[in-house]
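Please look at the structure on the screen, and I shall then take you through some of its details.

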Amino acid sequence: MTAPPLALLAELTHRCPLRCPYCSNPTALTRPGEELDTATWSRIFVEAADLGCLQIHLSGGEPTARRDILDLVRAASTAGLYTNLITSGVLLNGTRLDALAEAGLDHVQLSIQDAEPTSADRIGGYRGGHAKKLAFAHLVTEAGLPLTLNAVVHRQNLDRLPAMIDLALELGAGRLEVAHVQYYGWALANRDALMPTRAQLDAATATVEAARTTHRGRLVIDYVVPDYYATRPKSCMGGWGQRFLAVSPAGRILPCHAAESLPGFDFPDARTTTLRAAWEESEAFNRFRGTGWMPEPCQGCARAEQDWGGCRCQAFALTGDAAATDPACALSPHHALLALALEASDRAGEGFTYREPGRLPQPAPVLPLA
Amino acid sequence: MSPETVPKLARGMKLREDKTRAQWVVLGPERMFVPDEIALEIIRLLDGTSSLAAIADALAARYSAPREEILADITTLLDDLAAKGVVTA
C-alpha cells in the first residue's frame with residue numbers, strides 16, 4: 001500500500017508579469033487557453049483532500065493572474081486543505097487580498113528578488129516590482145494573514161542576505177525561506193550567471209545560522225543549500241511519489257513540478273484520471289518510487305532511504321539519464337560535472353536569459369567528463 | 001515563558017484532524033507537526049486567555065498530579081514549540 005501524499009502543488013497558470021531567470025517552470029510554458037477551468041481545479045482539490053493531502057500550494061506562474069483565484073481559494077479551503085498562496089504580490093490590491101482571506105486563505109508566501117530595489121527589479125525583469133512587493137507585504141499582515149518571504153539567492157544577490165533577513169523582520173514575516181537556486185529549466189540556462197562562489201555560500205550559511213539564534217521565536221528561517229557544493233544529494237521531494245504531487249496548468253499530474261522535463265513519461269491527465277489512480281497506480285509515479293529502481297552506487301547505500309537517490313530532474317539535466325544517481329552525490333561517477341560547472345561560472349558574466357513565453361533558452365550543454 | 005504567559009497557537013498555525021492517518025496535526029506554512037498525546041492535550045488548552053499557571057492548575061486537577069512538576073514540564077514543552085514557531089506568548 002502506497003502511503004498517501006501530504007501536499008499538492010497546484011500550478012494554476014504559467015502566466016506571470018515577472019521574468020525571473022531562475023523560474024522553476026518548465027522552459028516550454030503552457031498557453032492560457034490550455035489551462036484547466038475552475039470546476040476541474042475544484043474537483044482536483046477535493047480529490048487531493050480525500051487522498052490524504054493536508055496542504056495545498058496555489059502557485060504558478062503567478063496564481064493571482066487567474067480571474068477565478070477567489071473561487072479557487074474558496075474551493076481549496078472548503079475541501080479542508082491548508083491553503084497557501086505562492087505569489088509575486090504585484091497583481092493584488094488590499095480589497096482583493098481581504099476577499100482571499102475571507103475565502104479561507106491560510107497563508108501567503110511572497111517572493112522577493114533582492115533587498116536592493118534596483119537589483120531586485122533587474123533580476124525579476126519587472127520595473128517597480130520591488131516597491132509593489134513591499135506594499136503588498138504590509139497588506140498581508142494588515143489582513144491578519146501569516147507571511148513567509150521567499151528569497152531565491154544566487155551570486156548576484158547573495159551578498160545582501162543580511163539585508164534580506166532585516167527586510168523579513170521589518171515586514172513582519174514569521175518565516176523566511178532562503179533558497180539557493182536549483183539548476184533545472186530556466187535556471188540551468190542561466191547557471192553561469194547565477195552560481196554563487198564558495199566564499200559567498202560559506203558566508204550565507206554562517207549568516208543564516210547566526211540569524212536563527214538571534215531571531216529565535218520571532219523568525220523561522222528555512223535554508224535550501226545548493227547542490228553544486230554538496231557531497232550528498234538532497235532528498236528531492238522527500239522521495240519520488242512519496243509525499244508530494246503537483247498538477248501543471250494543463251492538468252498533468254506530476255511527482256514534482258519539474259518532472260515534465262523528463263523524456264519518456266506519460267504523466268496522467270487530471271482531466272481523465274483521478275489523483276488517487278495517478279498516485280497509486282500510474283507507471284509514472286511508480287517508476288522511481290522506493291529503492292528498487294536505483295542504480296549503483298545508490299543500490300545498497302546506507303543513505304538510500306534518506307536521500308532516495310537525489311533529484312531525477314537534475315540527474316537527467318546533467319547526465320542525460322533520469323535513472324542515474326544524482327551527480328550531487330560524491331559517489332556518482334558524474335560528480336566531477338559539478339566542479340566543471342563551478343569553474344565555468346567563475347569566468348562568466350552577469351547577463352540573463354529571462355523567462356518569457358515562446359522564448360526557449362538554449363539548453364546548457366552537458367559537460368563532458370574531464 | 002513564565003507562569004503568567006498566555007500562550008496561543010502562532011498566526012497561521014491550525015490544529016486539524018487528519019482522518020486519513022487517524023491523527024491530529026498542527027498545520028503551518030509549509031510545515032506540519034504531529035503532536036504527541038501530551039502536547040495535543042496542552043495545545044487544546046491554548047484558548048488565548050488561559051495563562052501557563054492556569055493550564056497547569058487544570059492539568060494538576062485532572063490528573064491529581066503535582067502542580068509544580070506539571071508547570072515545569074509544560075513550560076519546557078511550550079518553550080520548544082515557541083522556538084519552532086508553533087506557539088507564541
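I begin with the aromatic residues. Trp240(A), Phe265(A), Phe267(A), Phe288(A) and Trp293(A) form one aromatic cluster. Two rings of Phe, Tyr or Trp, the last by its six-membered ring, pair if their centres lie within 6.5 Å; planes under 30 degrees apart count as stacked, over 60 as edge-to-face and the rest as tilted.

Let me state the basis of these values. This is a predicted model, in which local features need pLDDT of at least 70 and side-chain atom pairs count only at pLDDT 80 or more, while totals for chains, interfaces and linings use all residues. Residues are numbered from 1 along each chain as its sequence is written, chains are lettered from A and ligands numbered from 1 in the order in which they are written, and side-chain values use heavy atoms, with hydrogens and water left out.

How many aromatic pairs are there over all chains? The count comes to nine. In one of them, the ring centres of Tyr183(A) and Tyr228(A) are 5.3 Å apart and the planes stand at 85 degrees, so this pair is edge-to-face. It joins distant parts of the chain, 45 residues apart: Tyr183(A) is in the loop between strand 6 (175-180) and helix 7 (185-189), and Tyr228(A) is in the loop between strand 7 (220-224) and strand 8 (244-247). Helices here are DSSP runs of H or I with at least four residues, strands are runs of E with at least two, and both are numbered from the N terminus.

Are Tyr183(A) and Tyr228(A) buried or exposed? Both are buried, that is, under 20% relative accessible area, where exposed means over 50% and partly exposed lies in between, with a 1.4 Å probe and protein chains only.

I turn now to helix 6, residues 161-170 of chain A. Its buried residues include Leu161(A), Met164(A) and Ile165(A). The buried residues of this helix pack against strand 4 (107-112), helix 5 (129-142), strand 5 (147-153), strand 6 and helix 9 (198-214), a contact being heavy atoms within 4.5 Å. Gly172(A), with a positive phi near 80 degrees, follows helix 6.

Finally, the whole chain. Chain A has 14 helices and nine strands. Its C-alpha atoms fill a box of roughly 55 × 45 × 40 Å along the principal axes. Of its 370 residues, 57% count as buried. Thank you for your attention.
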